[in-house]
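Here is a friendly walk through one model, with its sequence and structure to follow along. Have both at hand as you read.

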Amino acid sequence: MEVIKVKSLVKHYGTIEAVKGISFNVNKGDIFGLIGPNGAGKTTTLRIISTLLTITSGSIQIMEYDLSKQAGEIRKIISYLPEDAGAYKNLTGKGYLEFIAHFFEQNKTQQIVSKGVEIANLKDRINDKVDTYSKGMQRRLLVGRALMTDPKLAILDEPTSGLDVNNAQEVRRIIKNTTRQGTTVLLSSHNMLEVEFLCDRIALISDGIIIEEGTPDSLMQKYEAKNIEEVFTKVVK
Amino acid sequence: MSSLGNIIKKELRELMTPTTFIPIIIIAIMFGSMGNAIGSIEEEMEERPIIGFIDADQSNLSFVATRILEGFGDVVFNSSDISEKEIGIEELKDKDGIALLIIPSDFSEKILNNEPSEIEVYWIMKGAGILDSISSAVVEELFSTINTNLSYELISNNATVNASTALNPTSRNDTTYFKGKVLNGVSPSDVSGILSSQSTIIPIVMMMIIIMAGSTVISSMALEKENKTLETLLTLPVKRVSIVAGKIIASALIGLMLAVIYMIGFSYYMNSFQFSGQINVNQLGLVLSLGDLLLLGLSVFVTLIAALSFCMLLGTMAKNFKSAQTLTFPVTLFALIPMFLTMFKDFDTIPLALKAFLFGIPFSHPMMAPRALIFDDYLLVIGGIIYVSIFALIMISIAVWVFKTDRLLTGSIKRKKISFRKLKK
């Protein structure tokens with residue numbers, strides 16, 4: 001079953017053409033990675049799928065919903081983690097998770113928050129103000145926020161950005177576990193090792209166009225590469 | 001280039017932005033406008049006041065008074081028949097006059113009998129602003145000239161009057177006509193004094209509330225962008241209108257709390273001058289009824305919502321906290337202009353173009369409302385409430401629309417192009 005169907009997606013910012021007619025599908029329970037150089041159109045694509053930006057032309061379907069017409073319904077089943085996201089500094093970590101949880105099922109607020117606290121794994125610091133958190137702690141809180149609601153689709157832009165090796169590994173493990181519970185993940189990353197470890201399928205995007213798509217193994221085979229980083233350098237010259 | 005020169009060049013490039021200069025330019029323009037206003041006070045003081053008088057005494061002493069009136073004023077009504085009082089008042093009203101003075105038939109007889117003679121003055125008051133009261137102040141000045149000249153006349157002619165009468169030969173009995181009310185025993189300066197307390201305090205309170213609550217909304221939007229929390233908020237299952245309304249309502253509550261604190265202090269202040277200067281404002285009818293207070297409250301409330309909606313719209317343009325501070329300037333400006341205008345001039349006495357401008361600024365209405373309510377000008381107040389409500393609705397609608405576009409995140413608005421293919425079909 002396809003959770004995301006992107007067809008001929010085009011996005012213009014004034015005269016700049018950021019996305020030039022890309023198409024891809026993501027199956028349920030898969031982790032789909034968008035990789036590409038800076039300014040390739042990855043974040044724009046993720047922001048459009050997250051209902052933040054409008055479509056210039058083309059279409060996107062998330063589950064049974066048309067993104068152009070049913071953005072409100074889509075927001076109930078997705079969760080978006082922007083690359084440089086922040087949290088409300090005057091709230092405690094737990095207070096922030098509670099604030100977010102209140103927008104979802106009212107009778108499950110405590111359950112959602114408990115899951116967020118568990119994923120963030122900030123121990124006693126969860127009761128401290130966000131203002132006092134390090135960048136890594138804040139990122140873990142935000143990952144907890146993004147995954148605590150058991151979204152049908154998690155859209156993660158550079159999920160391990162700003163995390164040290166241990167924390168990054170822990171977050172990758174959490175993302176992998178999430179898909180076992182039925183969540184589909186669409187992510188972008190510059191970390192090719194991360195992409196290789198996490199993703200079931202990859203799309204290589206450059207200058208607003210998808211130039212390659214497939215499983216990590218099939219791409220490595222096609223380009224006779226040892227790893228995805230090598231595939232990347234061969235494809236994006 | 002030396003290191004110092006390099007640093008100076010870099011600093012200048014960072015500091016020379018519209019953010020730095022726009023507020024200063026606006027303040028300079030405001031000071032310039034205020035300078036012009038003060039200039040017109042001087043002109044108005046030099047103008048000859050339009051007056052009328054009835055000299056029922058026709059004596060040497062009354063001629064001393066009328067000569068001064070003719071010398072310093074522009075006399076448009078002159079009579080010796082006291083029964084022509086009403087005609088004189090109407091004549092002055094028609095000719096934009098200020099006051100009708102009635103010198104009684106026993107004017108000189110009373111003075112010579114050591115009794116100060118009472119001159120009746122019927123004032124036609126046009127406005128209660130600082131600039132409006134200048135012409136009546138000029139006429140009041142004529143009375144001291146009349147007294148001084150009468151004293152000189154009495155002393156130089158060796159009149160047999162006591163020192164007290166020689167120094168103060170006349171007294172005044174004032175009646176003021178203002179906005180359909182006849183106020184006995186008070187002069188325009190007394191009325192201005194009572195009303196200026198309101199026309200000073202309420203605009204200042206309103207201005208402070210609008211600026212404080214408004215900057216809260218703008219900063220809130222700017223902080224959402226600066227702290228990168230806006231994107232998350234916009235992907236949550238919450239309607240855009242709820243986000244806009246939530247921010248406006250929270251800031252309105254803060255604004256109202258501030259208003260209540262100010263109003264408590266203000267009500268104590270009002271109580272302190274209810275009987276000040278032996279003027280009973282209740283007796284004169286210069287107080288607000290319960291219905292008036294409710295209308296005033298409604299005017300304040302809708303204006304606050306309108307101000308916050310306008311600020312929400314400005315907030316969507318804020319990129320960060322610094323730009324938010326710049327964006328509060330239009331709000332400050334639109335709060336300061338009506339504050340100064342309502343202090344200096346009455347709505348009724350300003351030129352039509354300025355009237356339209358003042359009416360168009362939504363923040364003017366609660367500043368003009370107290371005076372309008374005291375003088376039963378409900379059309380201005382209710383019309384203002386309707387106008388401000390419409391303004392608020394339009395601002396909220398635009399803000400919600402902006403929330404639905406890319407403008408909030410990218411700074412540009414998606415323009416829909418007309419497809420020629422679709423047109424052909």
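In β6(B), which residue is the bridge partner of B:Phe178? The partner is B:Lys181. This is a predicted model, where local features need pLDDT of at least 70 and side-chain atom pairs count only at pLDDT 80 or more, while totals for chains, interfaces and linings use all residues. Residues are numbered from 1 along each chain as its sequence is written, with chains lettered from A and ligands numbered from 1 in the order in which they are written.

Strands β5 (residues 170-178) of chain B and β6(B) pair in the antiparallel sense over four bridges; strands are DSSP runs of E, at least two residues, and helices runs of H or I, at least four, numbered from the N terminus. Pairing requires at least two DSSP bridges between two strands. Both strands belong to an open sheet of six, ordered β2-β1-β3-β4-β5-β6 (chain B), with mixed pairing. Its edge strands are β2 (74-79) and β6 (181-184) of chain B, and the twist averages 20° from one strand to the next.

Between the chains, 15 residues of chain B are in contact with 21 residues of chain A, contact meaning C-beta atoms, placed from the backbone, within 7 Å. On the chain B side, α9(B) gives the largest share, three residues.

Key. Two residues are in contact if their C-beta atoms, placed from the backbone, lie within 7 Å. Axes are lines fitted to C-alpha atoms, for helices over the stretch in contact, and angles run from 0 to 180 degrees between N-to-C directions.
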